[in-house]
Amino acid sequence: MSDVEAEEVAARRSLPSTKLDKLKGAKALVEKAIKEQKVFSVQGRYPVIRAGLRARGWVERYLPNASHGSSHRQSDKDNDEDDGSTGTDNCAEIKERGDNGKEDDLDNMYDFMSRLVRNERTCFYWSSRYDSIYCRSLRQDQVTNHYAKTGNFTTKVGLCVNLRNLRWYDTADPDTFFPRCYRLGAEDERHAFIEDFRRTACSSLLKHVVETNMMTKEPTKNEQGKAESFVALVSAGVINTALQKCQEYLSVLAHSDIDVTAKTLPFVEENQWNHFLQKYYSVVHKGASIRSSADFVGRCQAMLAQLKEVCPQMDIDGVNNIWIIKPGAMSRGRGIVCMNRLDQILALVDSDRNMAKDSKWVVQKYLEQPMLINGTKFDLRQWFLVTDWNPLTVWFYRECYLRFSTQPYSTKKLHSSVHLCNNAIQKHFQPSHERHPGVPRDNMWSSSDFKAFLQQQGREAQWETVVVPGMQQAVVHVLQTAQDNVEHRKATFELYGADFMLGNDLRPWLLEVNASPTMACTSVVTARLCPAVQLDTLRVVLDKRNNPYACTGGFRLIYKQPAVETPQFIGLNLIVEGNHIKKPKSTKRRKRVGSTKPHLTQSAQIHFSSEDSDVMSKHQAESCEKTQERRSSPEKRQKTPSPRRERQERAVVHDASLVSEQHVVEDHTRPRRRPQCSGGRRGGSGAPLPQRSISFSHTPKPHNASRVCKSTIKPSHGVYLWRSFLPRTFSEPCNRPSTRVTSFSQEQLPLLRLTSMQPGNRRPSTDTFQIESSYRFHKQRYMQTMSRYK
């Protein structure tokens, strides 16, 4: 009895015999499963997964609008699907289901149990596609079998791009296990492919010259004359061209072409390449001969030896320059073709503009010299399991199976039946009568059969030393390059299927990686292996989780990366340390409140005029400013300064108030024009600040007024006297707004206006006019001064 049958029988024995007892037992199983959080859901026909979970006491909760029947019937369309297939497996044709009545009773019981848990939370999901279930809404303890964003290595385009970054993760070279690949939709990669195709044509021509001259007997003169009459001849210049291009390629690799300037024009070089490729096609594909090719055998061998040292894929290139063109996001071999002409490849890609624009076309070098079994090509399907991405944890299955093509291998035929080994393609062809009888009729071998074949050739040890380690290293390298792009989740796992081909030296070459590999039992080999892989997957995911010493079946842990701690994100927490920058002291005038106190700084406010550019000294201006700031501070205003401190401050301000003044007497008969400025002093609301002026009574002009003013005083109704006790920006002009006149007497007095200033001393000179801060002193001094004119 197989493992699948044993699991199903164990699940059935867990249910009682009678109908009433069945219902009670089913209800008890459901209650236990809910308590232990053992509710699962499966999307698609996976009887092996269902049987394995039910044997462990799990209860299925059917998904809405999903095929949940346990029937093993399925169409042929579902048998061989990879990459998002339904994953059906008709290999679960369990013998006891032959009785339809018992099968229906069992299905009814499962339906009853599913209805009991329809409102419960599913703890385990198994589906064929990632988008079958909205995984972003799952809780942390809900297990699912698909990771997000795995297209970086499960698609042909993603695998082609990601493996180029391997040098950032490991010292391995991807050219040693992955045939070189290009995206024809990308302009730069398209040009790189064209150069690679031409360069490979040169090396293939050299191989052709060596093989035709070393492996065939030289014809006699009579035979040579007959051959020349039927076979087209090509000049030996084509060999010289191939040798020259190969030497240029070696120079590029050695960086010897840095200081060499290109002498050939691009269109001339393009014509030369087209001419060379036509000759190459006629020689290699059509069988034309090259004159005196035997004279170039030594040079060709030496050049090939140099190329082999720098090109790891020289052994797989062959002489026909065959490339395989793949649609980037299709599975099961759909749309894949093999071609050996550059113009045909480019024409195929250009025929579908949409796919070319989206970079969906991938061209890859075909292995022209693979290992053959009885003259037939084959590839290997190898399973591996990823249970965590941080740290990266990879499980490798100990067994795999081989898939054969139905036709003998030949590079002269490029048909899919010869070169594509997918079962979805080969099932449409009948095995050829020319194929070796040792090849199985169902086109599949197990790894055990292949090891027996190697033992016959004396190469059995290479399976464990070359094949298996090479496949494991290739799988790990692929996962390393995709680790940063996959959206990993702790309670998640995924089973993958990798396709490999073997070279003549048994070196494995990775072709692609498939998500949701097919579990269809199309042969005796898959009928045994596919169920075992699914049950062993449950052992690793469920049993190993609860018991570290549990059996993992055929899976072996081949790689576990050291854990990388991810810093926890606790939110935005930006801290700025240091002292704040003090606001620079403004030089603009501020609104000052007038006061009648006999203090100098709180007396009538008089403004400086900078029209004559005579300013106070810097020391006096700073002293006035500091004094004003100390008095404007609310904290310091509450304190009563000492008499000594007050006298010092008065002395400083008194020094700053000594100015020389010039008076201009304006004629009252003329309209007075006061200077205006858009940048005058204004208050907080934008209105001009009120200013004080001193009016003098009208008196006749004195004969000698040198002590009062320097300029001639003209008869006028009055002049304005301006004065300020605060510093200001002396370099900019001061255009004064309108002023408010305050009279000291009832008489009509002339007005004096201060138009220039000079720093004064404590003792006024003959050219200065000193005004003290006291209001009364101003009036008294004014009366004394004006009495001199009378």
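This is a predicted model: local features need pLDDT of at least 70, side-chain atom pairs count only at pLDDT 80 or more; totals for chains, interfaces and linings use all residues.
Five of the five residues of β7, which spans residues 323-327, are buried, so the strand is largely enclosed by the rest of the structure. Two strands pair with β7. Strand β8, residues 337-339, runs antiparallel to β7 and is joined to it by three bridges; within this pairing W323 stands opposite M339. Strand β9, residues 361-365, is also antiparallel to β7, with five bridges between them.

Helix α13 covers residues 342-351, and its buried residues are L342, I345, L346 and V349. These residues lie on the same side of α13, because they cover an arc of only 90° around the axis. The spacing follows from helix geometry: an α-helix has 3.6 residues a turn, so residues three or four places apart point the same way.

A further set of pairings is built around β11. This strand is mostly covered, with 12 of its 13 residues buried. A hairpin of two residues connects β10 to β11, and the two strands pair in the antiparallel sense over 10 bridges. In that pairing Q382 stands opposite C400 of β11. Strand β15, residues 555-560, is joined to β11 by five bridges and runs antiparallel to it, with V394 opposite Y559. Strand β12, residues 444-446, is likewise antiparallel to β11, through three bridges; there L402 stands opposite W445.

Both β10 and β11 also contribute to the largest nonpolar core, which has 47 residues. The residues with the most contacts inside this core are F153, F384 and F450. Elements that give two or more residues to the core are α6 (156-162), β10 (378-389), β11 (392-404), α17 (447-456), α18 (461-482), β13 (494-502) and β14 (508-515). Helix α18 gives the most, with nine residues.

What does F384 touch, not counting residues up to four places away in sequence? The list includes V394, W395 and F396, then V475 and L479, then E494, L495, Y496 and A498, and finally V513 and F555. A second, separate core has 45 residues, including A242, Y281, F296 and W361.

The cysteines can be taken next. A disulfide is a covalent bond between the sulfur atoms of two cysteines. With a cut-off of 2.5 Å between the sulfur atoms, the count is zero disulfides. For C246, the nearest cysteine sulfur is that of C202, 5.1 Å away, and C246 is in no disulfide. C246 counts as buried because its relative accessibility is 1%, under the limit of 20%. C311 is in no disulfide either; its nearest cysteine sulfur, that of C246, is 8.9 Å away. At 15% relative accessibility, C311 counts as buried too.

The overall figures give the setting for these regions. The protein has 790 residues, of which 48% count as buried, and contains 23 helices and 18 strands. Among contacts with a separation of 6 or more, 77% are between residues 24 or more positions apart. The accessible surface comes to about 42,200 Å², and 50% of this area belongs to carbon and sulfur atoms.

Notes: Residues are numbered from 1 along each chain as its sequence is written. Side-chain values use heavy atoms; hydrogens and water are left out. Helices (H or I, at least four residues) and strands (E, at least two) are DSSP runs, numbered from the N terminus. Buried means under 20% relative accessible area, exposed over 50%, partly exposed in between (1.4 Å probe, protein chains only). Contact means heavy atoms within 4.5 Å. Accessible areas come from the Shrake-Rupley method with a 1.4 Å probe; for residues, only the protein chains shown count as cover. A nonpolar core is a set of buried Ala, Val, Leu, Ile, Met, Phe, Trp, Tyr and Cys residues joined through side-chain atoms within 4.5 Å. The arc is that of the directions from the helix axis to the C-beta atoms. Two strands pair if DSSP finds at least two bridges between them.
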